[in-house]
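This report goes through a structure step by step, from the whole chain down to single side chains. Please keep the sequence and the model in view while reading.

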There are 2 protein chains.
Amino acid sequence: MSKKESPDISISEQSEVFSLAVDGMGGDGAPDVVVAGLAIAADRHPGMRVLLTGDEAKLRPLLAKHPKAESICTIWHTDEAVPMDMKPTAALRVRKSSMRLGMDAVASGRARGVVSAGNSGAMLALAKIVVKTMPGISRPAMAAISPTIKGDVVMLDLGANVACDWRNLVEFAVMGEAFAKAVLGLPAPRIGLLNIGSEELKGDEKLRIASEVLRESPLASQFHGFIEGHDITAGTTDVVVTDGFTGNVALKTGKGC
Amino acid sequence: MSKKESPDISISEQSEVFSLAVDGMGGDGAPDVVVAGLAIAADRHPGMRVLLTGDEAKLRPLLAKHPKAESICTIWHTDEAVPMDMKPTAALRVRKSSMRLGMDAVASGRARGVVSAGNSGAMLALAKIVVKTMPGISRPAMAAISPTIKGDVVMLDLGANVACDWRNLVEFAVMGEAFAKAVLGLPAPRIGLLNIGSEELKGDEKLRIASEVLRESPLASQFHGFIEGHDITAGTTDVVVTDGFTGNVALKTGKGC
């Protein structure tokens, strides 16, 4: 059974740690699609515990239609939500948005992660300000798993960071490698740096420096070097590292129309 | 019949203007593939006149095997060629390469254009130094025609300019529009600027400025605004303008493995 909690109850009083916080109001199809998705998740992972944030008056009837979803969810009610077209700076000022409550839950240790299908710019801004990055990681990235002729590839960044320096690229490699290990279950994922040619002299300075740094890093044995656009679907590497602008264009070009 | 000319004969003595100069020694399959291609061109355009640059001892027997190619070609002999892996700065110092002779022919008015399947970095450097750009155009670009679900699209730059500013992007729009008119035969090609979203606030400053400039330009009525990766194959516009890094990755990603 789901129960209602108030988000301002302290951790000591409410010690349950949720597997995930889910933004019930995030995305074009919310909240219907979110709850329908939670029903699928509950079917696959009946032991998971979800903190569902959003408008209880809307969420409760939907959960009633999806008893499996209801069985894994606890609602944290809020009237506020971040619209899809709100600028990130404005979204940061909505103190009790459904997205923000999920972020707060992660920051306070009440949830292990947060999921939202909503405004991605707001999501990244909140992640950076509320949840913050791990030590040594300066900026969050957006990653996706894409199919290749050999299996799956993790690609990042996909648009969180339009401009990147060599340090960002190295950090994306570190995060992408960890993601591929954890999510794809690969023992030693191979990492490629997206460029316009595989020769060492191709590309710009940030790519050449990132490549040099990775060759001297603990990830050296997994670093394949530069790859090109066609290597993404060829599955040349398990992780494709690029800046957010190029990654976004490559992802959408690859998907086609 | 083909005949041999010396490249140092003055224009007054040899007044013929060639439709094209073709680098006989450029590309992995040269000179065989080049001459085979010329035979196809001769079949389609029997009236064209080609200035074929390269090693006559190699070109002559190939032309003998392709009489149609022979009928449109005049050889300018040189022993020198630009290897595929030569740096552009080094290629500029090869004074009589087959690629350079073709460029010289354009610069002196002996040929209306030059084609080479060889080292693209050398090609661009020579084009910039020998042929030079038109007034108002600061840098050459590489363009390609790609299929879409509606027809063809002209995309540029594809790798000549790894880093671009807003001025370059505007110039690419001007060149791409002219190319689409001349080659695709479109009366008023639609121009799109590749970005990570279609909203005005997306992307970086160079994209926003280029967009503003195009909206105030004589091309304003043909300027669609920002497009995304999936718009390339969707045929949303007839011309896709982007920097050389993004264009190269998008082209190769779209082609796939």
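What percentage of the 257 residues of chain A count as buried? The share is 48%, where buried means under 20% relative accessible area, exposed means over 50%, and partly exposed lies in between (1.4 Å probe, protein chains only). This is a predicted model, in which local features need pLDDT of at least 70 and side-chain atom pairs count only at pLDDT 80 or more, while totals for chains, interfaces and linings use all residues. Residues are numbered from 1 along each chain as its sequence is written, chains are lettered from A and ligands numbered from 1 in the order in which they are written, and side-chain values use heavy atoms, with hydrogens and water left out.

**Chain A as a whole**

Chain A has 10 helices and 10 strands; these are DSSP runs, with helices (H or I) of at least four residues and strands (E) of at least two, numbered from the N terminus. Its radius of gyration is 20 Å, close to the 18 Å that the globule rule gives for 257 residues, so chain A is as compact as a globular protein of that length. The radius is taken over C-alpha atoms, and the rule is 2.2 Å times the number of residues to the power 0.38. Along the principal axes, the C-alpha atoms of chain A fill a box of roughly 60 × 40 × 35 Å.

The domain assignment divides chain A into domain 1 (4-131) and domain 2 (143-255); such bounds come from an automatic or database assignment. The C-alpha centres of these two domains of chain A lie 30 Å apart. Of the contacts in chain A between residues at least 6 apart in sequence, 66% join residues at least 24 apart, a contact being heavy atoms within 4.5 Å.

**Surface of chain A**

Areas come from the Shrake-Rupley method with a 1.4 Å probe; for residues, only the protein chains shown count as cover. A:Ile145, A:Phe179 and A:Val183 make a nonpolar surface patch of about 230 Å². Patches are made of residues with over 30% relative accessible area and no salt bridge; like charges are joined within 9 Å, and nonpolar side chains (Val, Leu, Ile, Met, Phe, Trp, Tyr) within 5 Å. A:Ile145 belongs to strand S6 (residues 143-147) of chain A, and it is partly exposed because its relative accessibility is 38%.

**Salt bridges**

Over all chains there are 14 salt bridges, each being a side-chain nitrogen of Lys or Arg within 4 Å of a carboxyl oxygen of Asp or Glu. Among them are these:

| Pair | N to O distance |
|---|---|
| A:Lys68 and A:Asp43 | 2.5 Å |
| B:Glu56 and B:Arg60 | 2.5 Å |
| B:Lys181 and B:Glu177 | 3.1 Å |

A:Lys68 in helix H3 (residues 67-72) and A:Asp43 in helix H1 (residues 32-44) of chain A are 25 residues apart, and the pair links distant parts of the chain. B:Glu56 and B:Arg60 both lie in helix H2 (residues 56-65) of chain B, 4 residues apart, about one turn of the helix. B:Glu56 is buried at 14%, whereas B:Arg60 is partly exposed at 24%.

B:Lys181 and B:Glu177 are separated by about one helical turn, because they are 4 residues apart in helix H7 (residues 166-183) of chain B. B:Lys181 is partly exposed at 38%, but B:Glu177 is buried at 6%. B:Glu177 is also in contact with B:Gln222, a residue in the loop between helix H8 (205-215) and strand S9 (223-227) of chain B. B:Gln222 counts as buried because its relative accessibility is 11%.

Note on methods: Lists of a residue's contacts leave out its neighbours within four places in sequence.
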